[in-house]
Amino acid sequence: MTDPARIAIVTGAARGIGAAVAHRLAQDGHRIAVLDLDAAACEPVAEAIVAAGGEAIALGADVADETAVQSAVDACAERLGPPTVLINNAGITRDNLLFKMTTADWDSVMGVHLRGSFLMSRAVQRWMVQEGWGRIVSMSSTSALGNRGQANYAAAKAGLQGFTKTLAIELGRFGITVNAVAPGFIATDMLEATAARLGKPYDELLAEFAADIPVGRTGTVDDIAAAVSFFVREEASFTTGQTLYVAGGPRC
Ligand code: NAP
């Protein structure tokens with residue numbers, strides 16, 4: 001049975017996990033607003049979706065900017081239709097040990113992950129409530145369980161799990177489910193940045209991580225897109241307030 005086509009906004013979708021999620025949801029039959037800081041950077045993803053027979057538009061917005069978020073959500077509603085799927089994926093890292101972490105590094109990480117997910121979810125829920133159906137999936141991380149050098153990022157990713165549970169309680173009666181995916185080590189630019197910070201060759205870092213992961217490999221962006229796809233399905237309507245760790249094992 002094919003699910004009805006929905007309109008999905010994927011944030012941070014110009015590359016990495018967000019781009020893979022955008023492609024996967026398009027393959028699942030949904031129409032996609034590919035949103036990132038720079039609309040031009042989203043164009044190749046939107047064009048590839050259209051070339052594959054799907055429907056997609058590129059939107060530029062900083063998810064931490066209230067006015068930009070409202071304009072982007074309005075533009076999506078106008079150009080594609082009412083957004084009823086939201087993937088809060090945009091993310092940054094500003095890693096440092098606590099004694100070296102600047103207030104700006106703390107604030108910018110909170111701004112993108114927490115404020116950004118709050119602003120996007122608040123702007124989109126109006127459409128979901130109106131339609132009596134919605135799906136919100138936010139990107140947490142195994143770092144939510146604690147990770148050296150990531151006090152800001154770990155706090156934000158743990159915060160997203162509480163945010164997810166609370167929205168699930170508030171929005172369930174409107175047919176809206178709210179879940180989180182917590183990836184482990186996924187090969188993306190973000191992990192390349194981690195390798196650079198640790199002063200290690202990227203391949204060496206991946207091999208080191210893989211040695212500690214029960215399934216014997218680091219994750220791919222498609223591993224994460226598959227988990228998001230599940231939460232968005234019609235048949236996942238009784239699954240809400242959950243965080244699914246997609247990490248090749250119970251921890252990593
Ligand atoms: P990525 O390759 O760095 O992509 C993140 C995207 O988010 C970039 O396109 C970035 O734009 C965009 N972005 C950053 N700040 C934004 C803002 N304020 N507004 C809108 N877009 C913004 O990261 P990724 O590895 O795909 O990670 C995606 C998500 O998964 C993040 O939430 C991350 O924390 C989470 N995650 C990743 C891993 C991993 O191993 N990769 C593990 C656990 C969780 P620019 O390119 O312009 O900066």
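Strands count as paired if DSSP finds at least two bridges between them. The strands (E, at least two residues) and helices (H or I, at least four residues) are themselves DSSP runs, numbered from the N terminus.

Before going further, a word on what you're looking at. This is a predicted model, where local features need pLDDT of at least 70 and side-chain atom pairs count only at pLDDT 80 or more, while totals for chains, interfaces and linings use all residues. Residues are numbered from 1 along each chain as its sequence is written, and side-chain values use heavy atoms, with hydrogens and water left out.

Now to the strands themselves. Strands of a sheet pair through backbone hydrogen bonds, either parallel or antiparallel. One spot to look for is I9, which stands opposite A33 in β2. On the β3 side, A33 has I57 as its bridge partner, and β2 and β3 again pair in the parallel sense over five bridges. Further along the sheet, β5 (residues 134–139) and β6 (residues 176–183) pair in the parallel sense too, over six bridges, with R135 standing opposite T177 of β6.

How well covered is β1? Five of its five residues are buried, where buried means under 20% relative accessible area, exposed means over 50%, and partly exposed is in between (1.4 Å probe, protein chains only). In a regular strand the side chains alternate between the two faces of the sheet. You can follow that in β1: I7, I9 and T11 point one way, A8 and V10 point the other way, and all are buried. β3 has four of its five residues buried, so it is largely enclosed by the rest of the structure.

Next, the helices. α1 has 12 residues and reaches 17 Å from its first C-alpha to its last, close to the 16 Å expected; that expected span is 1.5 Å times one less than the number of residues. Its buried residues are I17, G18, A19, A20, V21, A22, L25 and A26. Just after α1 comes G29, with a positive phi of about 105°.

α2 (residues 39–51) has 13 residues and spans 18 Å, close to the 18 Å expected. At its start, a side-chain oxygen of D38 reaches to within 3.2 Å of the backbone nitrogen of A40. Which residues of α2 are buried? They are C42, V45, A46 and I49. An α-helix has 3.6 residues a turn, so residues three or four places apart point the same way. The buried residues of α2 pack against α1 (16–27), β2 (31–36) and β3 (56–60). After α2 you meet G53, which has a positive phi near 100°.

Within α4 you'll find S117, which is buried at a relative accessible area of 4%. The S117 side chain reaches the backbone oxygen of H113 at 2.6 Å. Leaving aside neighbours within four places in sequence, S117 is in contact (heavy atoms within 4.5 Å) with N88, V112, L160 and F163.

Finally, the ligand. Of the 27 residues around it, R15, D36, N89, Y153 and T188 come nearest; a residue is near if one of its heavy atoms lies within 4 Å. An N or O atom in the Y153 side chain is 2.5 Å from a ligand oxygen.

Key: Polar contact = N/O pair within 3.5 Å; in protein donor to acceptor, adjacent residues only side chain to side chain.
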